[in-house]
Every structure is written in C-alpha cells, then in structure tokens.
Amino acid sequence: KYEHMLLADYYVNSASSTPPPLNLIIGPSRWLAACARSMRSVTSRRRGGRGEITPSPNLAIRRDHSSKGFTARESWMLGAGRVPDGYENRDETRAYHQYLQTRAKHETAELGARVDEVNRVVKALEYKQMEDREALDVHMLTVGSELGWLKQQVSHVPRASVQVQGRGKEHGIATRVGRRTLHRNARSEGNSAYAGQRAVVPDWRVPWEVDWPAYEPIEFEHAVVKAQPVWADPPDAAEVAFEHRRSFEQLIICSPIGRPLNPRGRTGTSARGLLGKWGPNHAADPIVLRRKPRVPGAPAHDAKGVPGGVLFQMVAIKRADSGQWAIPGGMVDDGELVSETLRREFTEEAGALNDPLEQADLEDALDEVFKDGGRQVYRGYVDDPRNTDNAWMETTVYCFYIEEKLASRLTLSGGSDALQAQWLDVDGELLRQGSPTSLYADHREFVLLAISQEKEYLKIPLLAV
C-alpha cells in the first residue's frame, strides 16, 4: 500500500510528462524496509542471549532459474525500469513496462521519421548545390571564353599616341595613331549629303581609347539607305553576323548596343550615313598608269614636283557627288572577286560607250589590261568623307601599268556616277595635299604608292624633287 501511495503521489505532483523508472521511486523504500527488518531480527536474537550474529533469512533475495534476476540493490542502482524478482506480476509494474515499450516504439518511429526528413532535405540541398555548381561552371566557361574573345579584340586596337606640341596648347596629337593615320576626311562635310550631320571631334579625341563621356554624335542615315536597297544591311545592326564579316584593319568590335565601331576612331556621325553596310564596306580601285606620251615638237614635260622626275598619266574620273578626280573604282558585290570588281567598275565608270563597236574594241583592250591581275598596292581603311562611327570604307588597290600602244586603244567616257573620264597628268598639283585639284579621299596616297612601285619595277631612278 505504501508503494502504491508513492506512485500515486508522484504522478499527481510531478511536472514531468514522462515518468522515471519505477525503481527510482519504490526501490529505495523497499531497500529501507529490508534494512529495518534485518535490524529488528538482529536485535531480537541478541536479546535471546546468542553471541554471534547470523544473517537473517529475510535478506536472501529469491532468484528465478533464469539469468535475468537482480538483487534489490542491483535493480535500484541500474535504474532501467526493472524490479526485483518476485514483483513481476504486479499490475503497476506490468503496466509500466508496457508503457515504456510503447513509448520507446513511438519515440523510435518519430526519430526515424525525423531522420528520414533530414536526409531528404540534405539530399535536396546537395542536389541543388550540385546543380548550382554545374550552372556556375558553365557560366564561368562562357565568361572565360567571352573575356578571351574581348582580350583578343582589344589587343588589335591601336593605342592612342598623344603628343603635346607646345606649352601654349592644352592638347595635341600626332598625325598618326600607332601606325595608323588619323582620319580627317571622315570628320569633314566633304560630301554634300553630310552637311550639318557631323559633331565636331578634335584630333586628340578621335581615338576610342580617349575617354569622352559627353560625346554625342549626330545620327544620320540617308534616305537612299533607309529605303533598304538590295545592297544594304538590315536597319538593326544586331541582326548582322559580324563574326562572318572581314575587316582589313582588325577584328570588328561592337558597341554595347551591337553597332560596329570605326577602327580609326570617332567621326561625329553615327549610324550608316550613305553607306549601306554596317561595319566595313569593301571597294576595289584599279590604278591604270602609263607614261605621258611626248608630242613631236612639243616642249618637254614639266616634271617639277613629280616624284622621280618622270611624268605619268592615270585613268581618272570626276565624281558626281564631290566633283573631285578619283580612281575609277567601286563597291565589291557580295560573293564577287576583287579582280572581277576591278574590271567591272573600270568599265562602268570610265568605259561606258554608246557605240557597240567601240565598246567591243574597248572590251578587248581591257582584257589585255587586266589579264595579268596587276600588282597590289594597298589594302585597308579609306579616309572617306562618307565614313561614320559605325560604317566605313575599306578598299583593295591594284596598279596596272600599260604601254602607250595598248593605252591608245582605251576610249574613255564617263559613266555610272562619273561626270567625266580621261587620262590625267599625275603632276605636282594633283599630288599636293590640300590642292583644289587634289584626288578624292586617300587616292593621292594610293597613286603615290603605285608610282613608287612602278618606278622601282621599271628601274627608273628616284630623283630628288
């Protein structure tokens, strides 16, 4: 009864929802009761006059035949929910054991469920981390390839060569950027269609490497280009595959909005202007040279100002757009060979005859002129007044030197966009830079290169001028 009272009192007054092992409650009371009985037995035997103390039979704790029995002290010390032998059949002990087993099963199942949930979350996190790592690796590969491409592009961009030309000037720049001449015609309004269509760009701010946050070029596209002829690119430069387009200057570098940047720098005009293609617009220019024929009885040619002191003549046309003399060249059509363009453009601009027989004779003569392919003089950028920040001219120049007998068979007549075609003296006035009669764009430099090469080829000594 006392043990039942202890259990009832504990369960009523305990704040814990989980009861402790039974031996922690009733074990001490049973041990104290056994000690009290032993002391009473010893006292009674002494009173009986016996001299030795014998163990009381009440202290012998009965064990069953199994190996699972424990003494009262052992059971109390272990505290594992087990009671001494002889008490297993009590209702409260059996019920407590059943409670412990049920609770253990529930706790094990709950713990297993939590472990499973944790494992599932960990696996999900590991899978997500793996996906993120793979995505990051792919992204880093893409960024690495793009940086490599950009590094390759930047390596081809010439560095600005800034030169201070005196204390009195705040800024100055050499006439060449690296090995490239600063374009001047491309910043001018030499073409009448560009009147009022260019912002002013000082020499020192031409290179893209010079930081100019306030730069605002004038957007300009001619109505002819806006009409989208067959030879023009789409209006949006982002639709053009520039990786398949070649420039003689460098790899094509595009702005953040997808427009190609002029390799020689700023021009004051953006978009395409009069040029049909974004980026490089390729042309071919044939320089046809001969020595100027001497008329019997006429005075000797004035070779003053002519390199080498030998007077040459070239086939030249007068352009309809600027009125300047120029090489009879033109644009290379898509898929066309340069040699084909040279012949076609020369015929269109300098050999358009009305008489079919004369035209046939001219065609035969041109076959002789262009049969050897000529010698390449130049290939690259052209400082053309039609250039913009996003479209520019590039050309391939060939020189064809012919003898007087063949030259006499060339009947010249202006055609296409040429007002006039004739043999033009390559004299000092024509070759003088800034002269009113100077050649169009960079054609002066091309002719000088051609004459220099031909004189070397013809073994003509280069005399001092």
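Predicted model: local features only at pLDDT ≥ 70, side-chain atom pairs only at ≥ 80, totals over all residues.

**The chain as a whole**

The secondary structure consists of ten helices and eleven strands. Of the 465 residues in the chain, 38% are buried. When contacts between residues at least 6 apart in sequence are taken together, 67% of them join residues that are at least 24 apart.

**The largest pocket**

The largest pocket holds about 1200 Å³ of space. Its lining is made up of 49 residues, and those closest to the centre of the pocket are H282, G330, M331, V332 and M393. Two or more lining residues come from each of the strands β5 (279-291), β8 (330-331), β9 (375-382) and β10 (391-401), and also from helix α6 (338-350).

**Salt bridges**

| Side chains | N to O distance |
|---|---|
| D203 and R184 | 3.3 Å |
| D203 and R187 | 2.8 Å |
| D333 and R344 | 3.6 Å |

D203 takes part in a salt bridge with R184 and in another with R187. The pair of D203 and R187 links distant parts of the chain, 16 residues apart, with both residues in the loop between β2 and β3. The side chains of D203 and R184 also meet in a salt bridge. In that pair, too, both residues lie in the loop between β2 (180-181) and β3 (218-221), and they are 19 residues apart.

How do the relative accessibilities of these residues sort them into buried and partly exposed? D203 counts as partly exposed because its relative accessibility is 25%, and R184 is partly exposed as well, with a relative accessible area of 42%. R187, by contrast, has a relative accessibility of 15% and therefore counts as buried, since the limit for that class is under 20% relative accessible area.

The side chains of D333 and R344 meet in a salt bridge with an N to O distance of 3.6 Å. Because D333 lies in the loop between β8 and α6 while R344 lies in helix α6, this pair ties together parts that are eleven residues apart in sequence. D333 is partly exposed at 42% relative accessibility, and R344 is likewise partly exposed, with a relative accessible area of 21%. Both residues belong to a network of salt bridges that links D333, E336, R344, E345 and E348.

**P217 and its surroundings**

P217 is located in the loop between β2 and β3, and at 29% relative accessibility it counts as partly exposed. Which residues does P217 touch, if those up to four places away in sequence are not counted? They are A199, G268, T269, S270 and D389. P217 and R266 are 49 residues apart in sequence, and their C-alpha atoms are 8.5 Å apart in space.

**R432 and its surroundings**

R432 has its place in the loop between α9 (428-431) and α10 (443-457), and with a relative accessibility of 43% it counts as partly exposed. Apart from its neighbours within four places in sequence, R432 is in contact with S438 and R444. The C-alpha atoms of R432 and R444 are separated by 8.3 Å, and the two residues are twelve residues apart along the chain.

**A nonpolar surface patch**

Which residues form a nonpolar patch on the surface? V224, V230 and W231 form it, and together they have about 340 Å² of accessible area. Of these, W231 is found in the loop between α5 (223-226) and β4 (269-273), and it counts as partly exposed because its relative accessibility is 41%.

How values were computed. Residues numbered from 1 in each chain as written. Heavy atoms only, no water. Patch = residues over 30% accessible without salt bridge, like charges linked within 9 Å, V, L, I, M, F, W, Y side chains within 5 Å. Areas by Shrake-Rupley, 256 points an atom, 1.4 Å probe, with all protein chains shown as cover. Salt bridge = Lys/Arg side-chain N within 4 Å of Asp/Glu carboxyl O. Helix = DSSP H or I, 4+ residues; strand = E, 2+ residues; numbered from the N terminus. Buried < 20%, exposed > 50% of the residue type's maximum accessible area, 1.4 Å probe, protein only. Contact = heavy atoms within 4.5 Å. 1 Å grid on protein atoms, 1.4 Å probe; cavity = no way out; pocket = protein on both sides within 12 Å on 5 of 7 lines; lining within 4 Å. Points joined across faces, edges and corners; volume = space filled by probe spheres on them.
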